[in-house]
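Please look over the sequence and the model before reading on.

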Protein chains: 2
Amino acid sequence: MKKPVNIREKFQLFDAYWTPKILGEVNDSYVKIFKAKGEFVWHKHDREDEFFLVIKGTLHIKLRDGEITLNEGEFFIVPQGVEHLPYAPEEAHVLLIEPKEVLNTGDVSSEKTVENPEVI
Amino acid sequence: MKKPVNIREKFQLFDAYWTPKILGEVNDSYVKIFKAKGEFVWHKHDREDEFFLVIKGTLHIKLRDGEITLNEGEFFIVPQGVEHLPYAPEEAHVLLIEPKEVLNTGDVSSEKTVENPEVI
């Protein structure tokens, strides 16, 4: 059935941090959400840009030449090839749009790597 | 300079309805916003899906076989080839992500067609 997706309701369906969930497909990309708390890992995606939109809380993204602070209702696009380290002192909820082939930890293998995100 | 984009602030920069503005580029797509009020035109995009996220208000999307109602914080992806008619009885603010080649009125030429959306 064709239905709208309520983003905030989807965040109630899981608890784990840094574990992307797929909400939909648009062209060659997935629409995903994840909960952030603490620090992720430095990584990059050689061929894909990533769109980060904060739905709740504050997400910081360290870059090698600076840092981005994203509050609710703000987005940032990490360009392909740019190393980045997302972190969040307090829990933050984030919507992500990125090509389907993107692995969350990019060029790095980590205990935070999620090979096959769940569709919710 | 690398900066986050505050979506609500961008909506303060223009008034016209159904006039998409470009906020950024992600892979082969643009991130756009538009203000909706009244009725748009029936149209489709033969090869592109469109991601609609409501930032403020309510956007309705008529389809040939039903209707979607999107409130704040809700999104819907109109699949390629699907005829749709967006409308909004009251002003609504919408974020849109779609491939760069997409024309707002798709396969239809209308006084609402915007050939070259402005970057803001």
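In which sense do strand β5 and strand β6 of chain B pair, and over how many bridges? Strand β5 (residues 59-63) and strand β6 (residues 66-70) of chain B pair in the antiparallel sense, over five bridges.

## Basis of the report

This is a predicted model, in which local features need pLDDT of at least 70 and side-chain atom pairs count only at pLDDT 80 or more, while totals for chains, interfaces and linings use all residues. Residues are numbered from 1 along each chain as its sequence is written, chains are lettered from A and ligands numbered from 1 in the order in which they are written, and side-chain values use heavy atoms, with hydrogens and water left out.

## A hairpin in chain B

β5(B) and β6(B) form a hairpin, with two residues between them. Within this pair, B:I61 stands opposite B:I68 of β6(B). Strands here are DSSP runs of E with at least two residues, numbered from the N terminus, and two strands pair if DSSP finds at least two bridges between them.

## How the two chains are related

## The contact between the chains

The contact (heavy atoms within 4.5 Å) takes 30 residues from chain A and 30 residues from chain B. Chain A and chain B bury about 2400 Å² between them, 65% of it on carbon and sulfur atoms. Buried area is the accessible area (1.4 Å probe) that two parts lose on being put together, summed over both. A:K2, A:N27 and A:F75 supply 27% of the area that chain A buries against chain B, more than any other three residues.

Between chain A and chain B there are eight residue pairs in polar contact, both residues at pLDDT 80 or more. A polar contact is a pair of N or O atoms within 3.5 Å; within protein, one must be able to donate a hydrogen and the other to accept it, and residues adjacent in sequence count only if both atoms are side-chain atoms.

## Two residues at the contact

β7(A) and strand β1 (residues 5-6) of chain B run antiparallel and are joined by two bridges. A:F75 has B:V5 in β1(B) as its bridge partner.

A:N27 lies in the loop between β2 (21-26) and β3 (29-39) of chain A. Its phi is near 55°, a positive value in a residue other than glycine.

Note on methods
Helices (H or I, at least four residues) and strands (E, at least two) are DSSP runs, numbered from the N terminus.
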